[in-house]
Amino acid sequence: MKIAILGAGNVGTTLGAGLARAGHHVVYAVRDPAKYAALATGNSTVAPVSDAIASADAVILSTPWNAAEAAVTSAGDFGGKLLIDATNPIGAKMALTHGHTDSGGEQVQRWAKNAKVVKAFNTTGVENMANPVYGDARALMLLAGDDAAACEAAKGLATDLGFEALVAGPLDRARFLEPFGRLWIELALVRGQGRNIAFGMLRR
Ligand SMILES: NC(=O)c1ccc[n+]([C@@H]2O[C@H](COP(=O)([O-])OP(=O)(O)OC[C@H]3O[C@@H](n4cnc5c(N)ncnc54)[C@H](OP(=O)(O)O)[C@@H]3O)[C@@H](O)[C@H]2O)c1
C-alpha cells in the first residue's frame, strides 16, 4: 500500500519507518520538502501535501492537535481514502479538548472532505510504535471507524507494525480511545511508569 504521512514528526516518522520496513511505500506529506529531504530513503519519498495525498492509497494524520485542522484542510479532497487519525486532542494543561459527546476523531471526520476516518495509534507512545513486542505478548492497538473496509485496512497496518490490533467499534468510540490515550500519557509521563509501558489484552 502507498501511505501518505501528514505530520512528519516523532509519530509520523516512526510509523513511516515501520511501515516502510514492512514493505509499504511511504510518502511524507510536508509543507517544506527541502526541510524533510533526508526522509527520502529506500521506499520512502517526500512531497508537498496535496501531491502526496493525491498519490497515496491511505493517509495517516500525525500533527499536533492544534495543527490538525490546517493540515487536513490543506490536503483538499481525500477522494474516499482511509485517513487514520493518530492525534490526541490535547489542549491547555494537558486536558482533552473533546470528550463524552464528541471526539477528536469525529472532528477530523468533519474537517476531512471525503475521507474514511479511523482512529488509531493514539493510545500508546512512539517507542511502542517502533517496537510493540513485550516478551511473548504484543501491545494492543485499538481502532475505531465507521467504514468496515477502512477499519480492516487500518487494522492490517497496525498488525504489520507488530501490534495486536482490535476494532473497538464505530468512530464515536474514539470518545473512549482518546481518554485511554491520555491515560497512557498520565501513567508514562506523570505517574513515573516511563515510556516503555503498553496496554495489552488478557483473555481466558
Ligand atoms: N509522541 C507520541 O508518543 C504520541 C503518541 C500517540 C499520539 N501522538 C499524537 O500524535 C500527534 C503528533 O505527535 P508528535 O509527537 O509526532 O508531534 P511532532 O513531533 O511535534 O510533529 C509535528 C509535525 O507536524 C507537522 N505539521 C504541523 N502542521 C502541519 C501542517 N499544517 N501540514 C503538514 N504538517 C504539519 C510538522 O511539520 P513542520 O516542520 O512543517 O512544522 C511536524 O513534522 C499529536 O497529535 C500527538 O498527540 C503522539
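This is a predicted model: local features need pLDDT of at least 70, side-chain atom pairs count only at pLDDT 80 or more; totals for chains, interfaces and linings use all residues.
How many salt bridges does the structure hold? The structure holds 9. First, the overall picture.

The protein chain has 7 helices and 10 strands. A compact globule of 204 residues would have a radius of gyration near 17 Å, and the protein chain has 16 Å, which agrees. Along the principal axes, the C-alpha atoms fill a box of roughly 45 × 35 × 35 Å. Of the 204 residues, 49% count as buried. The accessible surface comes to about 9500 Å². Carbon and sulfur atoms account for 53% of that surface.

Sequence separation tells another part of the story. Take the contacts between residues at least 6 apart in sequence: 66% of them join residues at least 24 apart. The chain carries 19 positive and 18 negative charges. Their mean positions are 4 Å apart.

Now to individual salt bridges. Asp-85 pairs with Lys-119, with the closest N and O atoms 2.7 Å apart. Asp-85 sits in strand S5 (residues 82–85) and Lys-119 in strand S6 (residues 116–119), so this bridge ties together parts that are 34 residues apart in sequence. Are Asp-85 and Lys-119 buried or exposed? Both are buried.

Glu-178 forms a salt bridge with Lys-119, and here the closest N and O atoms are 2.7 Å apart. This pair links distant parts of the chain, with Glu-178 in helix H7 (residues 174–190) and Lys-119 in strand S6, 59 residues apart. Both Glu-178 and Lys-119 are buried.

The side chains of Arg-182 and Glu-186 meet at 2.9 Å, N to O. An α-helix has 3.6 residues a turn, so residues three or four places apart point the same way. Arg-182 and Glu-186 are 4 residues apart in helix H7, which puts about one helical turn between them. Arg-182 has a relative accessible area of 17%; buried means under 20%, so Arg-182 counts as buried. Glu-186 is buried as well, with a relative accessible area of 18%. Shared partners, meanwhile, join Asp-85, Lys-119 and Glu-178 into one salt-bridge network.

Ile-84 has a relative accessible area of 1%, so it is buried. What does Ile-84 touch, leaving aside residues up to four places away in sequence? The list is Val-59, Ile-60, Leu-61, Val-118, Ala-120, Phe-121, Ala-154 and Leu-157. Leu-187 is 103 residues from Ile-84 along the chain, and their C-alpha atoms are separated by 24 Å.

One of the residues touching Ile-84 is Phe-121. Phe-121 lies in the loop between S6 and helix H5 (126–130). Its backbone stands out: phi is positive, about 70°, although Phe-121 is not a glycine. With a relative accessible area of 1%, Phe-121 is buried.

Met-94 also has a positive phi, near 60°, and is a residue other than glycine. Met-94 lies in the loop between S5 and helix H4 (104–111). Is Met-94 buried or partly exposed? Met-94 is partly exposed, with a relative accessible area of 38%.

The last stop is helix H5, where Glu-127 has its place. Glu-127 is partly exposed, with a relative accessible area of 27%. Not counting residues up to four places away in sequence, Glu-127 touches Arg-195 and Asn-196. Ala-144 is 17 residues from Glu-127 along the chain, and the two C-alpha atoms are separated by 22 Å.

Note on methods
Residues are numbered from 1 along each chain as its sequence is written. Side-chain values use heavy atoms; hydrogens and water are left out. Helices (H or I, at least four residues) and strands (E, at least two) are DSSP runs, numbered from the N terminus. The radius of gyration is taken over C-alpha atoms; the globule rule is 2.2 Å times the number of residues to the power 0.38. Buried means under 20% relative accessible area, exposed over 50%, partly exposed in between (1.4 Å probe, protein chains only). Contact means heavy atoms within 4.5 Å. Accessible areas come from the Shrake-Rupley method with a 1.4 Å probe; for residues, only the protein chains shown count as cover. Lys and Arg count as positive and Asp and Glu as negative; His and the chain ends are not counted. The place of a charge is taken as NZ of Lys, CZ of Arg, CG of Asp or CD of Glu. A salt bridge is a side-chain nitrogen of Lys or Arg within 4 Å of a carboxyl oxygen of Asp or Glu.
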